[in-house]
Amino acid sequence: MPEPRTCSQFQELVESFVDGESAAAEADFVRAHAAACATCREELVRARELVRELRRLPPLSCPPRVTAAVLARAAAEVGEGGPAPAAARRIPHRFGGGWRRLSAAPAWGPALAAAAAAAFLSAALLIPRPATSPTPAMTAAELAEAQQEIKLAFAYIGRVGRQAGGRVADEMVDQVLAPTRQAFGLPPEGRAR
Amino acid sequence: MMLHRFRDLVEEHQHRVFTFAYYYLGRREEAEDVTQEVLLRLWRHIESVEPDSAGAWLARVTRNACYDLLRSRRSRKRLFRQGLDGPAERVADGAADTEAVARGQEARQQIERALAEVAEPYRTIVILRELQGYKYQEISDTMEMPLNTVKTYLHRGRRMLREQLTEAESYA
């Protein structure tokens with residue numbers, strides 16, 4: 001003689017029932033038990049509601065900047081000869097162990113470009129010319145203009161640097177641009193912040 | 001050619017990857033990070049991933065990436081518990097009155113919070129099945145587990161979710 005079915009058996013069967021996957025005898029039991037037991041009836045209602053609510057959760061739209069960055073990276077790699085090896089795929093996350101978000105335009109791109117421009121400019125101005133070079137001397141106006149350009153470059157590097165935490169900007173200023181700053185008479189404490 | 005195929009796959013799967021990551025992690029920024037990482041992995045493996053199996057491949061890689069991120073999140077010492085993000089953008093927003101929208105958002109956030117508490121692999125299976133409409137067989141293929149196990153885990157996951165919601169309601 002089979003044991004009488006209980007609330008715990010109902011619990012075992014209710015999810016299949018909600019999915020419409022119960023065998024006929026099991027479905028009959030679930031219906032009959034729910035009719036007789038208020039607690040299990042409530043359980044059945046909640047199980048159905050949950051599935052309905054889950055299925056109503058909306059699909060989400062991936063932000064375009066995410067795919068733009070990925071496609072830009074892929075396109076750049078094609079230009080460089082195809083996808084990088086899988087071993088190089090992991091990008092260190094800012095917190096460690098995860099991933100770092102790419103941006104369509106790398107955050108340090110403009111800063112590095114500005115730094116490179118400033119360094120190039122300073123090199124062009126400071127490297128001694130051979131005596132045979134007919135390069136004309138820089139006028140005071142040109143020098144003032146160059147100084148202004150470099151100030152702007154520092155300000156830009158500082159602004160981007162602050163957005164990314166500032167550390168790299170400081171290093172760049174200290175290691176790359178400080179001599180330039182000094183050559184142009186800009187105070188070291190005047191670092192763009 | 002490869003880039004063209006990659007673009008097509010990105011176009012086809014980006015929202016599904018992001019949706020899974022968001023509901024799995026409960027944080028939009030992390031979902032973006034994971035989506036980006038997963039799509040980059042797809043690019044790295046573009047020659048070996050068959051277009052027909054790309055969906056299952058992406059689901060598996062996304063799930064693993066989310067799981068890894070969750071582990072690293074848990075391993076980090078946090079000074080305080082961060083709340084969930086606000087809801088991400090919906091693909092299509094229907095017109096509705098403000099009160100109904102607020103009620104809907106509250107219910108949705110409750111479910112999102114409860115979902116974040118469901119253990120693995122139940123959470124993945126619930127998301128794939130109930131939110132993303134995968135068939136049992138597709139989940140079985142993606143998760144590399146027997147069909148009956150998928151069903152059992154789905155039911156167990158939903159039961160856990162109900163328990164989480166009941167618990168949350170009792171606290172409220």
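Reader: Why is Thr124(B) called buried?
Author: In this predicted model, Thr124(B) has a relative accessible area of 1%. The term buried applies under 20%, and Thr124(B) is therefore counted as buried.

Reader: Where does Thr124(B) lie, and with which residues is Thr124(B) in contact, leaving aside its neighbours within four places in sequence?
Author: Thr124(B) belongs to helix α5 of chain B. Beyond those sequence neighbours, Thr124(B) is in contact with Phe20(B), Tyr24(B), Arg63(B) and Met143(B). Each of these contacts requires heavy atoms within 4.5 Å.

Reader: What precedes and what follows α5 in chain B?
Author: Pro121(B) is placed in the loop between α4 (98-117) and α5 of chain B.

Reader: Why is the peptide bond from Glu120(B) to Pro121(B) called cis?
Author: The omega of the bond from Glu120(B) to Pro121(B) is near 0°, and the bond is cis.

Reader: Where is Glu144(B) found, and is Glu144(B) buried or exposed?
Author: Glu144(B) sits in the loop between α6 (136-143) and α7 (147-171) of chain B. Its relative accessible area is 62%. The term exposed applies over 50%, so Glu144(B) is counted as exposed.

Reader: Why does Glu138(B) count as partly exposed?
Author: Glu138(B) has a relative accessibility of 37%. That class lies between the 20% limit for buried and the 50% limit for exposed, so Glu138(B) counts as partly exposed. Glu138(B) is placed in helix α6 of chain B. From Glu138(B) to Leu128(B) the distance is 9.2 Å, C-alpha to C-alpha, and these two residues are 10 apart in sequence.

Reader: How many aromatic pairs are there over all chains, and why is the pair of Phe6(B) and Trp43(B) called tilted?
Author: The count comes to four aromatic pairs. The rings of Phe6(B) and Trp43(B) are 5.1 Å apart, centre to centre, with 50° between the planes.

Reader: What makes the pair of Phe6(B) and Trp43(B) a link between distant parts of the chain?
Author: Phe6(B) is in helix α1 and Trp43(B) in helix α2 (residues 28-44) of chain B, 37 residues apart. Both Phe6(B) and Trp43(B) are buried.

Reader: How many cavities of 30 Å³ or more does the structure hold, and what is the volume of the largest?
Author: The structure holds one cavity of 30 Å³ or more, and the largest cavity has a volume of about 60 Å³. Two elements of chain B give two or more residues each to its lining, namely α1 (2-25) and α3 (54-75).

Reader: Which residues line the largest cavity, and what is the make-up of the lining by class?
Author: The lining includes His13(B), Arg16(B), Phe20(B), Gly55(B), Leu58(B) and Tyr134(B). By class, five lining residues are nonpolar, four polar and one charged. Tyr is placed with the nonpolar residues and Gly with the polar ones.

Reader: What is the secondary structure of chain B, and what is that of chain A?
Author: Chain B has seven helices and zero strands. Chain A likewise has seven helices and zero strands.

Reader: How much of each chain counts as buried?
Author: In chain A, 32% of the 193 residues are buried. In chain B, the share is 49% of 172 residues.

Technical notes
Residues are numbered from 1 along each chain as its sequence is written. Chains are lettered from A and ligands numbered from 1 in the order in which they are written. This is a predicted model: local features need pLDDT of at least 70, side-chain atom pairs count only at pLDDT 80 or more; totals for chains, interfaces and linings use all residues. Side-chain values use heavy atoms; hydrogens and water are left out. Helices (H or I, at least four residues) and strands (E, at least two) are DSSP runs, numbered from the N terminus. Buried means under 20% relative accessible area, exposed over 50%, partly exposed in between (1.4 Å probe, protein chains only). On a 1 Å grid over the protein atoms alone, a cavity is a set of points where a 1.4 Å probe fits but cannot get out, and a pocket is an open set with protein on both sides within 12 Å along at least five of seven lines; lining residues have an atom within 4 Å of a point. Grid points are joined across faces, edges and corners, and a volume is the space filled by probe spheres set on the points. Rings of Phe, Tyr and Trp (its six-membered ring) pair if their centres lie within 6.5 Å; planes under 30 degrees apart count as stacked, over 60 as edge-to-face and the rest as tilted.
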